[in-house]
Amino acid sequence: MPIPRIPTRSELVEHLVKTRIAGQVATPRENNLAHYRQLANGVRNFWLGLELGDRWADEQDVLAVMAERVGVNDDPEYRYGQDTIDPELTVDALDRMAARLRKAADGHQRVLFATGHPGGLLDVHRTVAGALRTAGCDIVVIPDGLQTEEGYVMQFADVAVLEHGATLWHTHSGEPMRQILTALERTARDLPDLVVADHGWAGYAAQHGVDSVGYADCNDPALFLAESEGTLQVAVPLDDHVVSPRYYDPMVAYLLAEAGLR
């Protein structure tokens with residue numbers, strides 16, 4: 001199913017739907033709505049490192065943003081069954097991300113990559129990091145010895161991750177990114193010019209004032225709210241853990257081509 005070359009926009013849209021990266025995704029409607037409600041109720045794990053205050057205390061407001069920016073069903077009475085990510089919105093967001101990557105490459109900027117979803121997105125980030133390094137960017141090396149209550153903050157293949165029990169850990173927390181940025185400041189090292197990440201890694205960096213772009217699923221609304229407020233520069237809607245990580249390869253090829261990085 002992966003396309004062995006740079007896809008056109010229409011080819012990528014078709015691929016996203018076939019692989020369920022977008023279109024009719026695996027995340028059910030009831031899970032989406034439950035997460036929107038948790039965010040609106042102030043459950044911090046769903047804020048993904050952001051400080052949302054009481055601005056999104058109405059879950060219907062959250063749903064409205066998710067319908068606009070992700071393409072989920074906008075009917076508040078539709079509560080069970082299939083939900084969707086609009087693949088056209090995914091590609092639109094990839095185009096916006098590509099523009100920011102191009103700016104980073106042109107300015108030889110310092111870029112930090114991180115993922116809270118290593119099972120799906122580690123290689124996506126690794127490939128983009130390699131392309132930016134080739135273009136002259138400085139890929140930030142994180143300080144040693146960092147940890148959170150969940151585990152150790154490590155770096156593999158240029159991508160910061162959380163390690164727990166010899167396993168790369170799935171986390172929504174912004175705490176690992178807080179540890180990285182605090183350590184950089186404490187040791188008088190420059191903060192990144194750009195963070196490319198997902199989950200709380202992207203959210204905390206954006207909240208800290210660092211230019212940030214990231215990926216998010218339809219049941220993780222916080223990054224889309226942050227983009228709508230201008231805190232996060234780009235949030236790309238996609239299913240962040242499909243059957244094979246290789247399914248993301250055509251998406252990455254398109255992203256790098258649009259950024260002028262291949």
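Reply: Happy to. Helix 1 passes helix 4 in a right-handed crossing; right-handed means the near helix is turned clockwise from the far one by less than a right angle, left-handed anticlockwise. Helices here are DSSP runs (H or I, at least four residues), numbered from the N terminus. This is a predicted model, where local features need pLDDT of at least 70, side-chain atom pairs count only at pLDDT 80 or more, and totals for chains, interfaces and linings use all residues. Residues are numbered from 1 along each chain as its sequence is written, and side-chain values use heavy atoms, with hydrogens and water left out.

Me: Which residues make the contact between helix 1 and helix 4?

Reply: From helix 1 you have Arg9, Leu12, Val13, Leu16 and Val17, and helix 4 brings Pro87, Glu88, Thr90, Val91, Asp92, Leu94 and Asp95. Contact means heavy atoms within 4.5 Å.

Me: And what angle do helix 1 and helix 4 pack at?

Reply: About 125°, with the axes 9 Å apart. Axes are lines fitted to C-alpha atoms over the stretch in contact, and angles run from 0 to 180 degrees between N-to-C directions. That makes helix 1 oblique to helix 4 (under 35 degrees is roughly parallel, over 145 roughly antiparallel, 65 to 115 roughly perpendicular, the rest oblique).

Me: How about helix 6 and helix 7, at what angle do they cross?

Reply: Helix 6 (residues 175–186) and helix 7 (residues 199–207) cross at roughly 45°, and their axes come within 7 Å. Helix 6 and helix 7 are therefore oblique to each other. Their contact involves Pro176, Met177, Arg178, Ile180 and Leu181 from helix 6, and Gly200, Trp201, Tyr204 and Ala205 from helix 7.

Me: Switching topic: how many cavities of 30 Å³ or more are there?

Reply: The search of the whole structure finds 1. On a 1 Å grid over the protein atoms alone, a cavity is a set of points where a 1.4 Å probe fits but cannot get out, while a pocket is an open set with protein on both sides within 12 Å along at least five of seven lines; lining residues have an atom within 4 Å of a point.

Me: What lines the largest cavity?

Reply: Leu33, Tyr36, Glu59, Gln60, Leu63, Pro76 and Arg79. Helix 3 gives the most, with 3 residues.

Me: And the largest pocket, which residues lie nearest its centre?

Reply: Arg44, Leu48, Gly49, Gly174 and Glu175, out of 13 lining residues.

Key:
Helix = DSSP H or I, 4+ residues; strand = E, 2+ residues; numbered from the N terminus. Points joined across faces, edges and corners; volume = space filled by probe spheres on them.
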